[in-house]
Amino acid sequence: MAEDQTLNDCGCCEGITKLTPQNLANAPGLSALAYRAGTHGSFKTTMLAGLAGPGGIPALTTRADDDPAIALLDATAVLLDVLTFYQERIANEGYLRTATERMSVLELARAIGYELKPGVAASTYLAFEMETAPTAPTSAIIAVGTKVQSLPGQDEKPQTFETVEQIEARPVWNKILPQQAAPQTLSATMTTLWLSGAALALQTGDMLLIVAPKSGGGFEAAARRIATVTVDATAQRTQLTLETSSAAPVAIASSETGVWALRARAAPFGHNAPLKPTINANGAIT
């Protein structure tokens, strides 16, 4: 009685099957493409399956790795593994999303007429302090490419910087300080004002009169109220923030610009006189 093949669904008697080429379908939006037709194991399994199939070599019954024929198939599988690996890497470098090499991104950008800008090294400002001993030279030339290494912090590495131009250094220049203040241009509509001194007795709500140059010539004045006062005792200066005003500056005849604090308040004469009593319709005095 013949065996019913339809009842044999475990597949244990089918032997090895071909595993290559593998499915190369890729979903959209991936960070890497799967583009290999197979690997060493799948290539070797496929070639071994071909030995027993149609067009194979049924007489070759051994599958030992030390057999010359099987060793040749194993070497071929290694070759195909290497070739498909690089084939997949080349395919990934052909798309902007999956490219990992800078040159690949550069060439892809050039395809649409865009050229990447060259990389810019980190830069910093360097200050050289010269020896001031009596026997020290009065000047020295710091050549281009002089290396200076930073002091690393916690979990950091030292960074090396190089000078990009030749400079002259002198001991007498050690005490040169950078400019810490700049002239302030007054404006009748300015919102921030810096004043010299830390004891100006100004407070929020005080009124200031600002006389400033007028565009096109002449001078203009505006009364502005102080919104905030910030005193810097170390630098001996006071920063004022001024409230905005809807009133337009007034053109005046003046010979100098400046800022004046309006400390005294004036009122019309008689502003505190008692009101004149009146008699209402009921005869009561109010």
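## A nonpolar patch and an aromatic pair

On the surface, Val78, Val82, Phe85 and Tyr86 form a nonpolar patch, and their accessible area together is about 360 Å². The model discussed here is a predicted one. Tyr86, a member of the patch, belongs to helix α2. Phe85 counts as partly exposed, because its relative accessibility is 37%, a value between the limits of 20% and 50%.

How many aromatic pairs does a search of the whole structure find? The search finds one. It consists of Phe85 and Tyr86, whose ring centres are 5.1 Å apart and whose planes stand at 80 degrees, so the pair is edge-to-face. The angle decides the class, because planes over 60 degrees apart count as edge-to-face.

## Helices α1 and α2

Helix α1 covers residues 40–52. Its buried residues are Ser42, Phe43, Lys44, Thr46, Leu48, Ala49 and Leu51. These buried residues pack against α2.

Helix α2 covers residues 68–92, and Asn92 lies in it. Is Asn92 buried or exposed? With a relative accessible area of 1%, Asn92 is buried, because the limit for a buried residue is under 20%. The side chain of Asn92 reaches the backbone nitrogen of Leu33 at a distance of 2.7 Å. When neighbours within four places in sequence are left aside, the residues in contact with Asn92 are Ala32, Leu33, Thr98 and Ala99.

## Salt bridges

Side chains of opposite charge can pair when their charged atoms come close. The structure holds nine salt bridges. The following table presents three of them, with the relative accessibility of each partner.

| Salt bridge | N to O distance | Relative accessibility of the partners |
|---|---|---|
| Asp74 and Lys44 | 3.4 Å | Asp74 25%, Lys44 14% |
| Glu168 and Arg170 | 2.9 Å | Glu168 35%, Arg170 34% |
| Arg237 and Asp232 | 3.5 Å | Arg237 32%, Asp232 26% |

Lys44 counts as buried at 14% relative accessibility, whereas Asp74 counts as partly exposed at 25%. Lys44 is also one of the buried residues of α1 that pack against α2. A network of salt bridges links Lys44, Asp65 and Asp74.

In the second pair of the table, Glu168 is partly exposed, and Arg170 counts as partly exposed too.

## Strand β10

Strand β10 covers residues 258–262, and Leu262 lies in it. Leu262 is partly exposed, with a relative accessible area of 41%. Apart from neighbours within four places in sequence, Leu262 is in contact with Met207, Leu208 and Leu209. Where does Leu262 stand in relation to Thr76? The two residues are 186 residues apart along the chain, and their C-alpha atoms are separated by 97 Å.

Note on methods
Residues numbered from 1 in each chain as written. Predicted model: local features only at pLDDT ≥ 70, side-chain atom pairs only at ≥ 80, totals over all residues. Heavy atoms only, no water. Helix = DSSP H or I, 4+ residues; strand = E, 2+ residues; numbered from the N terminus. Buried < 20%, exposed > 50% of the residue type's maximum accessible area, 1.4 Å probe, protein only. Polar contact = N/O pair within 3.5 Å; in protein donor to acceptor, adjacent residues only side chain to side chain. Contact = heavy atoms within 4.5 Å. Patch = residues over 30% accessible without salt bridge, like charges linked within 9 Å, V, L, I, M, F, W, Y side chains within 5 Å. Areas by Shrake-Rupley, 256 points an atom, 1.4 Å probe, with all protein chains shown as cover. Salt bridge = Lys/Arg side-chain N within 4 Å of Asp/Glu carboxyl O. Phe/Tyr/Trp six-rings, centres within 6.5 Å; stacked < 30°, edge-to-face > 60°.
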